[in-house]
Structure formats: C-alpha cells, structure tokens
Amino acid sequence: MENMTEHVLTLTNRESLTLTGIKDVDSFNEQEIQAICDCGELSIRGELLHMEELNLDTGILTVSGKIVSLTYSEQFTSSSLIKRLFGG
C-alpha cells in the first residue's frame, strides 16, 4: 500500500490504549470499538470502554476501560468502503 499512515498501538496494563494512524471509527459502545486504519479494521473489545480522545486530523484514538482483545481484519465495513470509493 502506498502512502500508508504509520500505525502505532500502545497498551498499558490492559486499561489504557493509545492508537495512531486512525482514519475513522465505524461504531462504538462499552463492549466494542471498530476503528479503521490503513492496516484494515481494528476491533477493540472489552468492558466499560470509553473513547477518551478521538482526533481524526491527527489520527489519534485513546481508549480507557478493560481491554480484552484487539483483532485486525482486512475487510472493511460497507460504510467505510463507500467512503473510500467515493472519496467521502
């Protein structure tokens, strides 16, 4: 992939997660956050998850709560695909 934004993940004590290179957040609730980066879709699962910071200009996402799992998928959701295809 050309022009990929650097994606860095920092997890501290499974309670504080800081991500860079975030392009969008598809959905979020206290159990799951779906974030989009150049690497694909990242599913953050846990308990009492809270987005402390979301700055799409800088690509930074900070999450607090009990982080249970982080899963990457190459598949993008339909809304993200439409945004990418039509430049939205």
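User: Leaving aside neighbours within four places in sequence, which residues is Thr62 in contact with?

Analyst: Thr62 is in contact with Leu17, Thr18, His50, Met51, Glu52 and Glu53, where contact means heavy atoms within 4.5 Å. Bear in mind that this is a predicted model, with local features needing pLDDT of at least 70, side-chain atom pairs counting only at pLDDT 80 or more, and totals for chains, interfaces and linings using all residues. Residues are numbered from 1 along each chain as its sequence is written, and side-chain values use heavy atoms, with hydrogens and water left out.

User: Why is Thr62 called buried?

Analyst: Its relative accessible area is 15%. Buried means under 20%, exposed over 50%, and partly exposed in between (1.4 Å probe, protein chains only), so Thr62 counts as buried.

User: Where does Thr62 sit, and what stands opposite Thr62?

Analyst: Thr62 is in strand β6, residues 60-73. Strands here are DSSP runs of E, at least two residues, numbered from the N terminus. Thr18 stands opposite Thr62.

User: What makes β2 and β6 a pair?

Analyst: Two strands pair if DSSP finds at least two bridges between them. β2 and β6 have 4 bridges, so they qualify, in the antiparallel sense.

User: And what about β1 and β2, how are they joined?

Analyst: Also by 4 bridges, with β1 (residues 9-12) and β2 (residues 16-19) running antiparallel. Leu9 stands opposite Leu19 in β2. The two strands form a hairpin with 3 residues between them, and Asn13 in the turn has a positive phi of about 50 degrees.

User: In what order do the 6 strands form the open sheet?

Analyst: The order is β1-β2-β6-β5-β4-β3, with antiparallel pairing. β1 and β3 (22-28) are the edge strands, each pairing on one side only. The twist averages 35 degrees from one strand to the next; axes are lines fitted to C-alpha atoms, and angles run from 0 to 180 degrees between N-to-C directions.

User: Why is Ser43 called buried?

Analyst: Ser43 comes in at 6% relative accessible area, so by that cut-off Ser43 is buried. Ser43 lies in strand β5, residues 40-55. Not counting residues up to four places away in sequence, Ser43 touches Glu32, Ile33, Gln34, Ser69, Leu70 and Thr71.
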